[in-house]
Amino acid sequence: MNVFRIIADYSHVLAIIGLLVNIVRTKSCEGVSGKTQALYFVVFVTRYTDLFTSLTWYLTIFKAVFLVLTFSTLVLIYHTYKKTYDKNIDTFQVLIVVLPSIACGVIFSAERTSIQEDLWTFSIFLESVAILPQLYMIYQTGEAKTITVHYLLPLGLYRALYIANWVWRYYYERYFDPVAIVCGCIQTMFYILFVTMPVFWSGTKVEI
C-alpha cells in the first residue's frame, strides 16, 4: 500500500467526519443532500461484503468506519435534524444513476459467476455518480453552503490522490483495473465541475 492510497483514505474519512461535526455543531443539515449520503451508504454496503474477511486490520477498520459514519450521517439528516433537511430541493431522481449502475455492475463484472464481484463492480459505478444529487441540489439553490464545501473539497482530494495511487500501482505493480480507473476519472470530473461552478455556472455562490 502506497502513500497516495493512505492519504486518500484518510482524506475520505476526514470529509465524512467533518460533515458529521458540522451538522452537529450547527444543528442543521441545510444544504446537504440526503440522497447523496444514501447512495454512498449503498456503495459501502455492497462493496464491503468482505468486511470480516479483509486481508488486513487496516482495511477492516476503514471499511467499518465508512459504514458507521455514513449511517450516522443518514440518522442525523433523516431523524435528528430532519426539520432542517431540504427535501423539497433534494429532488434528484436516484433511479437515473442506480439502474445503469446495476446494469454495468453485471455487464462489466470480472467474474460473472460471483455475486460478490457483481456487487463490488456495481458499487464502483454507483460511487462515480453518487455525488450528482448533491451537485444538483447546489444547482437548484444557486449556492453551496460552507458545510457542503468543507465536505466536497476533501472528497475531491481523495479522488485526485487515488489517480496518483493508480499510476503508482501500474508503474510498480503492473496493476490495472479499467473499471475503477474510468469510474474514478468520471467522479473526479464531477468534483472539478463543483470547483468551477462559480466560474461557469452563472449565479452560483460558494460559501467558504
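Modeller: Ground rule before we start: buried means under 20% relative accessible area, exposed over 50%, and partly exposed in between, with a 1.4 Å probe and protein chains only. This is a predicted model, where local features need pLDDT of at least 70, side-chain atom pairs count only at pLDDT 80 or more, and totals for chains, interfaces and linings use all residues. Residues are numbered from 1 along each chain as its sequence is written, and side-chain values use heavy atoms, with hydrogens and water left out.

Colleague: Fine. What makes F44 buried or exposed?

Modeller: F44 has a relative accessible area of 2%, and the cut-off is under 20%, so F44 is buried. Y40, at 3%, counts as buried too.

Colleague: Why are Y40 and F44 called an aromatic pair, and of which kind?

Modeller: Rings of Phe, Tyr and Trp (its six-membered ring) pair if their centres lie within 6.5 Å; planes under 30 degrees apart are stacked, over 60 edge-to-face, the rest tilted. Y40 and F44 sit 6.4 Å apart, centre to centre, with 20° between the planes, hence stacked.

Colleague: And what makes Y171 and Y172 edge-to-face?

Modeller: Their planes are 80° apart, with 4.8 Å between the centres. Y171, at 58% relative accessibility, counts as exposed, and so does Y172 at 54%.

Colleague: How do you know that the charge of R169 sits over the ring of Y175?

Modeller: The rule wants NZ of Lys or CZ of Arg within 6 Å of the ring centre and within 35 degrees of the ring normal. The charged end of R169 is 3.8 Å from the centre of the Y175 ring, and it counts as sitting over that ring.
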